[in-house]
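Welcome! Please take a moment to look over the chain shown here, and then we will walk through a few of its helices together.

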Amino acid sequence: MTTQQDRPDLEPAMRGGSQARSRSGVHLPSQLEPVTVIAAALVLLQAVVRGWVVSGSYYFQDDFAHLDLARRSGLTSEYLVRDYGGHFEVGQYFLLWVMSHTIDQTFAPAAFAIVIMQAVASVLLFILLRTLFGPSPFILLPWTVYLFTPLAVGWSSWLSAAMQALPLQIATALVLIASAKAHKTGSRAWATGSVAAFAVGLLMWQKAGLILPLALAVHLLVVADPQPWRERLRGLRRTAGMWVGLVGVLTAYIVVYLNVVDGGLDSTAREGVEVGPMFGETLFRMFVPGLFGGPWHSTGAESTIFPYTETYPAMIFSLAFLGIVVASFMVTGRRALQGWFLLVGYLVADLALLGLGRADWIGILLRDPRYVADALPVMTIAVLAAFRGLWEPAPDERKAAQWLRSRMSLRMTMNAVAVLIVSCLVTTVRMAPVVQHDYAANYALGVARQMKEDPRRSVINTAPPFEVSARADLQGMMNAIGADVVFDRPATDMYLFDGLAQLKRMDLFPGSPSETGPQEGCGWSVGRLYEDLWAIDEEPVAPRILRMGYYSGVPATLDVSLAERTHTVELPAGLGQAFFVIGPEAGDVAARVSDGGSICITDVAVGPAWVADEAGAAAPAG
C-alpha cells in the first residue's frame, strides 16, 4: 500500500506547509504553489462562465426602481436612507448610484459589475479557507462547489439580488479573515479591520447582522479547535476589544434600522407556514441538489426560482450528502460534528429569517436560492472543518484518515474538481436562458424603441406587467435605462402599451362618468376666458384620463385647468377629442382657448385608460 511517506512531493501541500516542491526539486514560493495556481485558473473559469450567463440577462423588477430613483434623486439622504420593503441598504444604493452614471439600454455595465464582485468574493473566500485550513488541495473541492454551483445562476443574473448577495459574501469573508488573523497574531490592525468590514457589510444589507454570530461560531468551532472549550473561551478574552467593537457596531445599526424601517413582522402572514415542509423543500429539493450541480435540467426554473428536483433524485442527492457526513466522522471523529453544527446552525438562521420576514411569499420563495446564498461560503468552511482530520493528523488518528490520506493526491483532487464543474455546468447551461429575463428585456427595449421612433406621439405612463417590474412605471423604467422619453402629454390621439409592448390607441374605460354640455349642438362654448365645465370627484385611481369632445372651425390652442394645474393641447380644425392625464385629485374643470377663437366642447368624461379598439391593432409608427 502506498503511504504518504512514499510520496514526499505531496507532503507539504497535504500538511498545510508554506512551500511546494517542483519536479526539478526546487522549492517554489507560496504564491506559486500548485493549489494557488489552480485556484487562480478556477476563478478565471468562473468569471468566463458567470460572464456568459449574466451578459445575456437584463434589468428586472427592483433594478428599474433603484436606478430610476438614483437618477432622479442623486446622492441625497432621501435616496440613500430609506425603507425599501423592510430593507435598509445604504451601501447598495450608493453603488447603484455610481453605476447609474454608466447604465444604458444594455446590461453590459451591470454584467461587468456582477462578474467583478463575484471574482472578489471568490478570491477572498479562497484566502479565508487557506487562512483557516492551510494550502491543502482538499480545500479546492468545497470551494469549487461555491464557484460553480447552479444555485448562484438565478440571483447573479439579477442586478439587485447580486448587489445583496455578493457584497454580503465579501463582507463575510473579510470579517472572518480579519478576526482569524487577529486571534492568531494579536494584531490590533486586523481586529480593527474586522470591525470596519462588519460595519460596511451592515450598510450593504441588514442580513449582514448574521456575520457576528457566524464569526463567533467560526472562532469557537474552527479557529480555536482542537483546544479544550475552556481555552477556546479564554481565547475570546485576548481579542475582547474586537468583539466589543463588533457588538457595538451591531447595536448602533439596530437602533438606526428600527428608526428608518417602518413597521415590524406581520404575524398574520405566517399563519399556516409549516416549518417541516419548508425545511424539506428548501434543503432537500434545492440546496443539497445544488451542491452536487443538480438537478441537471431547468424544469420549474423561473426568474430566480431553482429547478424542481423530483422525489427520487432528491433522495439520491440526500443520501450522497449523508454519505459525505458519515465519511467525515470516519476521518475526523466527533470533531466533525463542529463543522456540521456550523452549517446547520447557519441554515436554520437563514430559513428562520425567511419564515419570519417573507412569509407572505413563502410559497414561491422556498426554492429561491437568494435566501440561502450567504450559506454557500459557510458550507465550504463547514465541510473543511468536518474533514480537517485529513491534513491535521492526531495522536489517536483514525485508520480511515490514514487510508484516505495515503490515496489522496493533487491529481485525484483535480479529477473530483473536474467532475463537480461538469455537473454544475450541465444545470447552469440549461437554466441560463430561463433566468435571463428576456421578457423584461424585450418589453423595456420595445417601449424605448417605439418612443424614440416618434417622440411627438402621446403615450400614457402606465404600469408595466407585474412580471417585468412591480415598483416602477414606464417613465421610471425608461429613466432607469437612460432613455430620454416623455409620457402623458396632452393630445388628440393618445396611446398605451399592452403587455407585449405593442402600442394601442387609448380611450376611457366603458361606462366612465361623463357630462354633456348644456347648449344644444355645441355643449359649452369656450372662448378666451375660462369657462367652468364640470366638477369631478376625487378618485384613488391614478392615472386617470380626462377626455373632452370638441368641434372647431379653425386650429386652436386649448388650455384646461384642474386643481391648480393647467394642461395645454393644440387642436386641429374639425370634430375630435382631446385627452389629458390627471391624478386622483378632485376639482372644477375649466377651459379656455388661448389662440384660435372660440370652440365647442361637446362633452367631458373622466376615468381609467382603456384600449379603444382591440381590432384596431397598434398605432401608426409616425
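To describe how helices pack, we use axes, which are lines fitted to C-alpha atoms, for helices over the stretch in contact, with angles that run from 0 to 180 degrees between N-to-C directions. Helices (H or I, at least four residues) and strands (E, at least two) are DSSP runs, numbered from the N terminus.

This is a predicted model, in which local features need pLDDT of at least 70, side-chain atom pairs count only at pLDDT 80 or more, and totals for chains, interfaces and linings use all residues. Residues are numbered from 1 along each chain as its sequence is written, and side-chain values use heavy atoms, with hydrogens and water left out.

**The whole chain**

The chain holds 22 helices and 15 strands. Of its 622 residues, 53% are buried, meaning under 20% relative accessible area with a 1.4 Å probe, protein chains only. Among contacts (heavy atoms within 4.5 Å) with a separation of 6 or more, 77% join residues 24 or more positions apart.

| Pair | Angle | Axis distance |
|---|---|---|
| H9 (residues 159-185) and H10 (residues 188-204) | about 165° | 8 Å |
| H7 (residues 140-148) and H20 (residues 410-431) | roughly 15° | within 9 Å |

Let's start with H7. Nine of the nine residues of this helix are buried, so H7 is largely enclosed by the rest of the structure. Among them are Pro142, Trp143 and Tyr146. H7 and H20 are therefore roughly parallel to each other, a term for angles under 35 degrees. H7 passes H20 in a right-handed crossing, with the near helix turned clockwise from the far one by less than a right angle. On the H7 side, Leu140, Leu141, Thr144, Val145 and Phe148 make the contact, and the H20 residues include Met414, Leu420 and Cys424. By class, this contact has 10 nonpolar, three polar and no charged residues. Here Ala, Val, Leu, Ile, Met, Phe, Trp, Tyr, Cys and Pro count as nonpolar, Asp, Glu, Lys and Arg as charged, and the others, Gly among them, as polar.

Now for the other pair. H9 and H10 are therefore roughly antiparallel to each other, the word for angles over 145 degrees. H9 passes H10 in a left-handed crossing, where the turn is anticlockwise. The contact includes Met163, Leu174 and Lys181 of H9, together with Trp190, Gly193 and Phe198 of H10. The residues of this contact divide into 13 nonpolar, five polar and one charged.

Notes: Buried < 20%, exposed > 50% of the residue type's maximum accessible area, 1.4 Å probe, protein only. Parallel < 35°, antiparallel > 145°, perpendicular 65-115°, else oblique.
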